[in-house]
Amino acid sequence: MLARLDMRLKCTEELSYQMSSLFHGAIMELISQEYAGYLHNSQLHPFTQHLEKREKEWHWIVCCMDETAVQYMMNETLLKLEVLEIKKRGLQISIVEKDYRIMRQKELLERFYERRSGRYTEIHFVTPTAFRQRGRYLFYPDIRCIFQSLMNKYDAVVKEECMIDEEALEQLCENTEIVRYDLKSVYFYMEGVKIPSFIGKITIKMTGTQTMTDFADLLLRFGTYSGVGIKASLGMGAYRIIS
């Protein structure tokens, strides 16, 4: 199960996407101690969250990727929440509107089997995005890192199916190219650490078989919930598919 909750915010002080780690901390305080402890001790990250500015308004988007996360985070907590308190900043943030949507895994797979995907996809990275490769930060949209990250995240939450396939990854890399980009480098600040990253838009072109194109589309659409790259639960790696 995939779920997305888009909350429009109202606050007397200016927000920024750099504050998303504080919103992560607020979620951990709101959910049950039992589930918070489970998340803390687990390497599984069945949710992501980030802050996003649209025109002059800030939105807080939380996505869950399994039924347990949906129950504890959405049903028991966020869907009932009207005011969010960020204790470290002494902020009271009103949630003035909510847009809640659910997609079953079956729906995602039906799209793969029943719909022919286009050869071009434009992606907008709306929060700082980066990867870790051989112990170093990689802060540009490397095709291999993107698809490998998405495969890993899919396998982490959809245990009955396995996406990790070196041959499929090689075919994706060989048949995908970035044909346009509008990017800039930024830093994501988290607990005194400055992480080099990027935001902006890219257009990718698929040149392989239709099946491989549809497979890439499946991964990319899953990634609009899971995020891509590092620190997605803390606000990094969020993107939208524009076309």
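This is a predicted model: local features need pLDDT of at least 70, side-chain atom pairs count only at pLDDT 80 or more; totals for chains, interfaces and linings use all residues.
Which element gives the most to the lining of the largest pocket? The answer is helix H5, which contributes 7 residues to that lining.

**The largest pocket**

- The volume of the largest pocket is about 760 Å³, and its lining is made up of 29 residues, among which His45, Lys153, Gly229, Lys231 and Ala232 lie nearest the centre.
- Two or more lining residues come from each of helix H1 (20–30), helix H2 (33–41), strand E2 (47–54), strand E7 (131–133) and helix H5 (143–157).
- When the lining of the largest pocket is sorted by residue type, 13 residues are nonpolar, 13 are polar and 3 are charged.

**The second largest pocket**

- The second largest pocket holds about 480 Å³ of space, and it is lined by 28 residues, of which Arg4, Thr224, Tyr239, Arg240 and Ile241 are the closest to its centre.
- Several elements each give two or more residues to the lining of the second largest pocket, including strand E1 (2–10), strand E3 (57–64), strand E5 (91–103), helix H4 (105–114) and helix H7 (210–226).
- The lining of the second largest pocket divides into 11 nonpolar, 7 polar and 10 charged residues.

**The sheet and the helix packed on it**

- Strands of a sheet pair through backbone hydrogen bonds, in either a parallel or an antiparallel way.
- In this model, 5 strands form an open sheet in the order E2-E3-E1-E5-E4, and their pairing is antiparallel.
- E2 and E4 are the edge strands of this sheet, because each of them pairs on one side only.
- Averaged over the sheet and with direction ignored, neighbouring strands are turned by 30° against each other.
- Within the sheet, E1 and E5 are joined in the antiparallel sense over 9 bridges, and Asp6 stands opposite Asp99, a residue of E5.
- Helix H3 packs on the sheet, where it touches E1, E2, E3 and E5, and the direction of H3 makes about 145° with that of E3.

**Thr77, a buried loop residue**

- Thr77 is placed in the loop that runs between helix H3 (67–75) and strand E4 (83–86).
- Thr77 counts as buried because its relative accessibility is 12%, which falls in the range under 20% that is used for buried residues.
- If residues up to four places away in sequence are left out, Thr77 touches Leu30, Ile31 and Tyr72.

Terms used
Residues are numbered from 1 along each chain as its sequence is written. Side-chain values use heavy atoms; hydrogens and water are left out. Helices (H or I, at least four residues) and strands (E, at least two) are DSSP runs, numbered from the N terminus. Buried means under 20% relative accessible area, exposed over 50%, partly exposed in between (1.4 Å probe, protein chains only). Contact means heavy atoms within 4.5 Å. On a 1 Å grid over the protein atoms alone, a cavity is a set of points where a 1.4 Å probe fits but cannot get out, and a pocket is an open set with protein on both sides within 12 Å along at least five of seven lines; lining residues have an atom within 4 Å of a point. Grid points are joined across faces, edges and corners, and a volume is the space filled by probe spheres set on the points. Ala, Val, Leu, Ile, Met, Phe, Trp, Tyr, Cys and Pro count as nonpolar, Asp, Glu, Lys and Arg as charged, and the others, Gly among them, as polar. Two strands pair if DSSP finds at least two bridges between them. Axes are lines fitted to C-alpha atoms, for helices over the stretch in contact, and angles run from 0 to 180 degrees between N-to-C directions.
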